[in-house]
Amino acid sequence: MKLSALAAATGVSTASIKYYIHEGLLPPGRKKNATTAVYDDSHLHRLTLIRWLRDELSIPITGIAELTRAIDDDSLSTIELMGICQELALRGNSGLPASALRALGSAHYALKSTTGDDITGGTATPPDRFDEIVDEALDRLGWPDEESAARTALTRVLAMTDAAGYRVDIDSVVAQCRAIASVARDNIRPIGPELSRDEVCLRVIRGITMHNRQLIATSALTHASLSILARQPRD
């Protein structure tokens with residue numbers, strides 16, 4: 001398709017498309033002649049992803065550029081790419097403070113090899129009381145203990161919660177994880193090879209974002225309802 005058709009199909013202006021190409025977020029079209037380039041489904045998928053990240057999460061260009069570089073890095077497995085997507089979803093609109101997340105531009109979190117060595121250069125969170133709580137919680141649950149944006153965020157949020165005067169212990173973390181797991185199992189669907197890496201990223205980020213929004217709203221409703229019940233006169 002031509003540039004005008006690509007713009008119409010994605011709802012992204014031609015000026016923005018040219019800007020994304022200039023910034024390296026989108027590969028140039030294939031030259032048809034001296035004045036015309038043509039675009040294909042790979043451009044369509046990439047622009048759909050970029051637009052969603054901009055419109056729904058207000059992700060800055062620097063954050064999107066990190067993701068597109070990861071998508072184009074064939075040395076990253078799909079599961080590692082999905083981990084990067086999860087981090088971007090948490091950064092975009094989860095209610096987590098910036099201090100609970102990896103700084104943009106620093107190394108991504110990485111899966112460990114079977115020997116326990118880091119296989120892609122990620123850095124672990126220094127061990128402390130809250131890291132140990134997460135360690136034991138994962139052990140009780142029988143879940144893999146991998147360095148990730150989610151694991152590190154939980155460790156840091158537990159520290160913030162404790163500092164604010166709220167109870168933090170292993171039992172409460174395990175209870176919350178078990179409660180969420182019953183819902184999360186229904187949300188996890190296999191991602192087939194028919195999807196491009198851009199489509200995989202959009203599905204992961206969009207799914208995490210929507211479920212996080214629902215979880216936050218449900219938590220607010222639960223706390224509000226229980227507060228009302230606690231204040232009602234008893235017979």
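Reply: Helices here are DSSP runs of H or I with at least four residues, and they are numbered from the N terminus. In this predicted model, M1 belongs to the segment before α1, the helix that spans 3–10. With a relative accessible area of 34%, M1 is partly exposed, because that class lies between the buried limit of under 20% and the exposed limit of over 50%. Although V38 comes 37 residues away along the chain, its C-alpha atom and that of M1 are separated by 5.3 Å. V38 is also one of the contacts of M1 beyond its neighbours within four places in sequence, together with L6, A37, Y39 and D40.

Turning to the cysteines, the structure holds zero disulfides. C201 is buried, at 0% relative accessibility, and the closest cysteine sulfur to its own is that of C85, at 3.2 Å.

Two or more lining residues come from each of α4 (61–72) and α5 (78–93), with α5 giving the most, four residues. The lining, which includes G63, I84, R102 and H108, is made up of three nonpolar, two polar and four charged residues.

Conventions. Residues numbered from 1 in each chain as written. Predicted model: local features only at pLDDT ≥ 70, side-chain atom pairs only at ≥ 80, totals over all residues. Heavy atoms only, no water. Buried < 20%, exposed > 50% of the residue type's maximum accessible area, 1.4 Å probe, protein only. Contact = heavy atoms within 4.5 Å. Disulfide = S-S within 2.5 Å. 1 Å grid on protein atoms, 1.4 Å probe; cavity = no way out; pocket = protein on both sides within 12 Å on 5 of 7 lines; lining within 4 Å. Nonpolar A, V, L, I, M, F, W, Y, C, P; charged D, E, K, R; others polar.
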